[in-house]
Amino acid sequence: MQALVLEKKNHLSLREIRFDETLGAHDVRIAIHTVGICGSDVHYYTHGAIGPFIVRQPMVLGHEASGTVVETGAAVTHLQVGDRVCMEPGIPDANSKATQLGFYNLDPAVRFWATPPVHGVLRPTVVHPASFTFKLPANVSYAEGAMVEPLAVGIHAANKARIKPGDIAVVSGAGPIGMVTALAALAGGCSRVIITDVQQPKLDLAATLGPITPVNVAKENLGEVVDKLTDGWGADIVFESSGNEKAAAGVFAPLCPGGVVVFVGIPLAPIAYDVSAAQIKEARVEHVFRYAHVYPRALALMGSGKIDVKPLITDKFAFSESVAAFDFAVKMPPTSVKAQIEL
Ligand SMILES: [Zn+2]
């Protein structure tokens with residue numbers, strides 16, 4: 001089948017590649033419809049690696065996907081041919097200790113699409129466990145279905161924060177993950193989100209998504225804005241979604257006493273962490289890695305209209321334009337949030 005293959009760093013090709021995928025009793029075969037381009041896909045393209053994950057042989061990219069069930073295994077009961085679905089891209093070992101303890105996202109043996117050496121899904125079909133395949137509500141499009149993967153990160157972060165109704169949160173970084181974290185925080189009970197970035201078009205878009213106060217940290221002072229909105233108390237929650245060294249080093253400054261910081265963005269290098277600043281506030285600190293158990297919640301929130309990701313889908317490409325789509329994503333204009341490829 002045709003697939004978008006990362007041959008090696010800086011070299012993509014749309015070419016024929018052979019897959020011998022047998023359908024197990026608990027699997028479904030899915031015709032892929034839409035695949036979002038993720039920062040991680042782009043990073044593999046431009047750097048050939050993310051931390052310890054190194055692209056050593058040609059790998060198909062793409063892990064944010066939706067599609068249609070075209071075949072079901074003999075033991076599959078909750079899905080039928082024709083169902084519109086989205087898929088969790090990480091398949092843990094069902095017998096691992098991490099999976100048995102409930103944090104299957106932390107299973108060291110997890111096989112995650114487009115994380116070397118596992119192929120991704122920028123290709124016409126894939127076989128996937130039915131238990132990691134979720135039906136889209138009737139009012140959720142394939143494009144929105146392909147947004148469930150990044151949204152799941154935001155929902156997982158909101159879970160980790162243990163939001164209380166009325167909390168005020170800071171989200172640093174208005175990239176795709178910052179945006180979905182802001183939406184998840186509001187859906188989870190926050191009364192307001194203060195979102196930061198240095199790209200004004202992203203902040204302008206964020207401000208249209210709900211009770212979200214944009215702060216351009218290139219010219220405004222985050223602390224002053226937080227003080228004003230919280231009567232000087234500080235934000236209940238800080239979601240660090242930028243991965244930016246400077247933003248990450250300052251997470252405790254806008255936080256209220258007893259507040260929580262959730263590290264969502266993945267810094268490319270070790271960052272400074274001010275322990276005494278955290279101690280003074282007895283800050284609780286959480287970290288997220290991908291997500292677990294949140295796809296049904298993300299879909300329920302989309303289906304009910306509590307979360308609308310449509311404004312975040314800014315650019316569309318045909319499968320035949322996949323290489324051009326990635327070159328676009330490498331130099332994404334500040335007005336763009338999420339680019340998707342339609343098969
Ligand atoms: Zn992603």
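Okay, a bit of housekeeping. The model is predicted, so local features need pLDDT of at least 70 and side-chain atom pairs count only at pLDDT 80 or more, while totals for chains, interfaces and linings use all residues. Residues are numbered from 1 along each chain as its sequence is written, and side-chain values use heavy atoms, with hydrogens and water left out.

Let's start with the metal. Which residues hold the zinc ion? Cys38 through SG, His63 through NE2, and Glu64 and Glu149 through OE coordinate the zinc ion, at 2.2 to 2.7 Å. A donor here is an N, O or S atom within 2.8 Å of the metal (3.2 Å for Na, K and Ca), and water is not among the atoms, so sites may look incomplete. Along the chain, the donor residues follow the spacing C-x24-H-E-x84-E. Cys38 sits in the loop between strand E3 (27-36) and helix H1 (39-47), and His63 in the loop between strand E6 (59-60) and strand E7 (64-72), so this pair ties together parts that are 25 residues apart in sequence. When I say helix or strand, I mean DSSP runs numbered from the N terminus: H or I with at least four residues for helices, E with at least two for strands.

What about the geometry? The angles among the four donor atoms run from 87 to 170°, and the site is irregular. For comparison, the ideal angle for four tetrahedral donors is 109.5 degrees. Four donors count as tetrahedral if all angles lie between 85 and 135 degrees; four count as square planar and six as octahedral if opposite donors are over 155 degrees apart and all others between 65 and 115; anything else is irregular. Cys38 and His63 are both buried, where buried means under 20% relative accessible area, exposed over 50%, and partly exposed in between, with a 1.4 Å probe and protein chains only.

Where do the buried residues of H10 fall, seen down its axis? In helix H10, residues 295-304, the buried ones are Tyr295, Ala298, Leu299, Leu301 and Met302. Seen down the axis of H10, they fall within an arc of 160°, so they line one face of the helix; the arc is that of the directions from the helix axis to the C-beta atoms. Arg297 and Ser304, on the other side of H10, are exposed. The cover over the buried residues of H10 includes strand E8 (84-87), helix H4 (148-161) and helix H5 (176-187). Just past H10, Gly305 has a positive phi of about 85°.

Helix H7, residues 222-229, is next, with Leu222, Val225 and Val226 buried. These cover an arc of only 95° around the axis, which puts them on the same side of H7. Over on the other side of H7, Glu224 and Lys228 are exposed. Among the elements covering the buried residues of H7 are strand E13 (168-172) and strand E16 (235-240).

From H5, let me pick out Thr181. At 0% relative accessibility, Thr181 counts as buried. Apart from neighbours within four places in sequence, Thr181 is in contact (heavy atoms within 4.5 Å) with Gly154, Ala157, Val171, Phe239, Ser241 and Val264.

The peptide bond from Pro116 to Pro117 is cis, with omega near 5°. Pro117 is in the loop between strand E10 (111-112) and E11, and Ala114 lies in that loop between E10 and E11 too. Ala114 isn't a glycine, yet its phi is positive, about 60°. Is Ala114 buried or exposed? Ala114 is buried, with a relative accessible area of 1%. Glu282 also has a positive phi, near 45°, but Glu282 is exposed, with a relative accessible area of 68%.

How many cavities of 30 Å³ or more does the structure hold? One. The largest cavity has a volume of about 70 Å³, and its lining includes Glu88, Tyr104, Phe112 and Arg290. On a 1 Å grid over the protein atoms alone, a cavity is a set of points where a 1.4 Å probe fits but cannot get out, and lining residues have an atom within 4 Å of a point. Grid points are joined across faces, edges and corners, and a volume is the space filled by probe spheres set on the points.

Definitions and conventions
On a 1 Å grid over the protein atoms alone, a cavity is a set of points where a 1.4 Å probe fits but cannot get out, and a pocket is an open set with protein on both sides within 12 Å along at least five of seven lines; lining residues have an atom within 4 Å of a point.
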